[in-house]
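Let's take a walk through this structure together, one piece at a time. Have the sequence and the 3D view at hand, and follow along as we go.

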Amino acid sequence: MPATYINPLTDFGFKKLFGEEPNKELLISFLNTLLPDHHQIADLQYTKNEYQGVSPVDRRAIFDLNCMSTSGERFIIELQKVKQRYFKDRSLYYATFAIQEQAKQGEWDYKLSTVYTIGILDFLMEDAAQKVLYYAQLKDQDNQPFFDKLHFIYVVLPRFTKTLEQLDSLQDKWLYTFRHLAELTDVPDQFTEDVFRRLFAIAELAHFDPQDRQRYEESLKYLRDLKNSEVTAREEGRQEGIQIGREKGREEGREEGREEGAYAKAESIARQLLQLGALSDEEIAQVAGLPLAVIQQLAMLK
């Protein structure tokens, strides 16, 4: 059957629902289910989502969503569709832009507003145990907060497994929406809140004009290709690792096979992303976990 609602895990779907000024009540509602009481958002404004760094040679950063509450808190919201090496490093790097932009000309006492980096992950975060929500901040040796203005929140979607009948909070409903909106054909009885009535109305594909429908289909195809590339590369890497391991012998082969298989997997991911042509060499290097020089060499050979 044709889909009734957009997939919120596509770039187009995510920004259609949460990145447009007329729909910001949806983002406010979702964020408030993750934030503590003292940082609940009454209103927010979208700010630029691309930064060039402090000098022309600095690497640029492009966020999915970047916004600020009326009381000054900054929010960086990133949708991560596939697993990346060093994605925590990326989160920390992105957070520095929201900190640096607070600098003021002239006399300034360095007082900063709170920064939240929020990652919506469509893959398992291995060191988060069985958590659906993973909160992190800087702490000292006694496990006490060292700096309470920098927060990281990761939503690990694959770990959210509640059924419609088990939803018992607004947060549950939002997480269920991220995981299952594209599979639904009607508004579930459990979703009685006005914010969800609005969301389902915005997400209904039948209301899209031809241009938006085309943009969505392209975004959906990209998501499917990205996921397929990840699965294929993982299987190829596993098979190559097994084969290499057999040739190397039991102990030495297992270790070297894992390493070479991991490299083969990363290279396979890079080759397939280069074929898609949707990402820059720098972005492919991030996803695959390979040096930029390797990606550029692969690009010349494709």
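**Starting at a covered helix**

Begin with helix α4, residues 170-180, which is mostly covered: eight of its 11 residues are buried. Bear in mind that what you're looking at is a predicted model. The buried residues of α4 are Asp-172, Lys-173, Trp-174, Leu-175, Tyr-176, Thr-177, Phe-178 and His-180. So what does the covering of the buried residues of α4 include? The list includes helices α1 (11-18), α2 and α5 (194-203), along with strands β6 and β8.

Thr-177 sits in α4, and its relative accessibility is 4%, so Thr-177 counts as buried, the cut-off being under 20%. Leaving aside residues up to four places away in sequence, Thr-177 touches Pro-8, Phe-191, Phe-196 and Leu-199.

Now step back for a moment. The protein has nine helices and eight strands. Of its 302 residues, 45% count as buried. And if you take the contacts between residues at least 6 apart in sequence, 60% of them join residues at least 24 apart.

Next, turn to strand β6, one of the elements that cover the buried residues of α4. How many of the seven residues of β6 are buried? Seven of the seven, across residues 115-121, so the strand is largely enclosed by the rest of the structure. Look at which way the residues point: Val-115, Thr-117, Gly-119 and Leu-121 go one way from β6, while Tyr-116, Ile-118 and Ile-120 go the other way, and all are buried.

β6 has strand partners too. Strand β5 (residues 74-80) pairs with β6 in the parallel sense over seven bridges, and Arg-74 has Val-115 in β6 as its bridge partner. To get from β5 to β6, the chain crosses through helix α3 (residues 87-100), and this β-α-β crossover is right-handed. β6 also pairs with strand β8 (residues 145-156), again in the parallel sense and over seven bridges. Here Gly-119 finds its bridge partner in β8, namely Tyr-154.

That crossover helix deserves a look of its own. α3 is made of 14 residues and spans 20 Å from its first C-alpha to its last, close to the 20 Å expected at 1.5 Å a residue. Its buried residues are Phe-87, Arg-90, Ser-91, Tyr-94, Ala-95, Phe-97 and Ala-98. Why do they end up on the same side of α3? Because they cover an arc of only 145° around the axis. In general, an α-helix has 3.6 residues a turn, so residues three or four places apart point the same way.

Now for the charged pairs. Side chains of opposite charge can pair when their charged atoms come close. How many salt bridges does a search of the whole structure find? It turns up 15.

Glu-21 is partly exposed, at 43% relative accessibility, whereas Lys-24 is buried, with a relative accessible area of 17%. Lys-24 lies in helix α2 (residues 24-32) and Asp-43 in the loop between α2 and β1 (44-46), so the pair ties together parts that are 19 residues apart in sequence. As for Asp-43, its relative accessible area is 31%, which makes it partly exposed.

For another kind of pair, head over to helix α7 (residues 251-276). The side chains of Arg-271 and Glu-267 meet there in a salt bridge at 3.2 Å, N to O. Because the two are four residues apart in α7, about one helical turn separates them. Arg-271 is partly exposed, with a relative accessible area of 38%, and Glu-267 is partly exposed as well, at 22%.

Note on methods. Residues numbered from 1 in each chain as written. Predicted model: local features only at pLDDT ≥ 70, side-chain atom pairs only at ≥ 80, totals over all residues. Heavy atoms only, no water. Salt bridge = Lys/Arg side-chain N within 4 Å of Asp/Glu carboxyl O. Buried < 20%, exposed > 50% of the residue type's maximum accessible area, 1.4 Å probe, protein only. Pairing = 2+ DSSP bridges. Right-handed = clockwise from strand over helix to strand, strands pointing away. Expected span 1.5 Å × (residues − 1). Arc of directions from axis to C-beta. Contact = heavy atoms within 4.5 Å.
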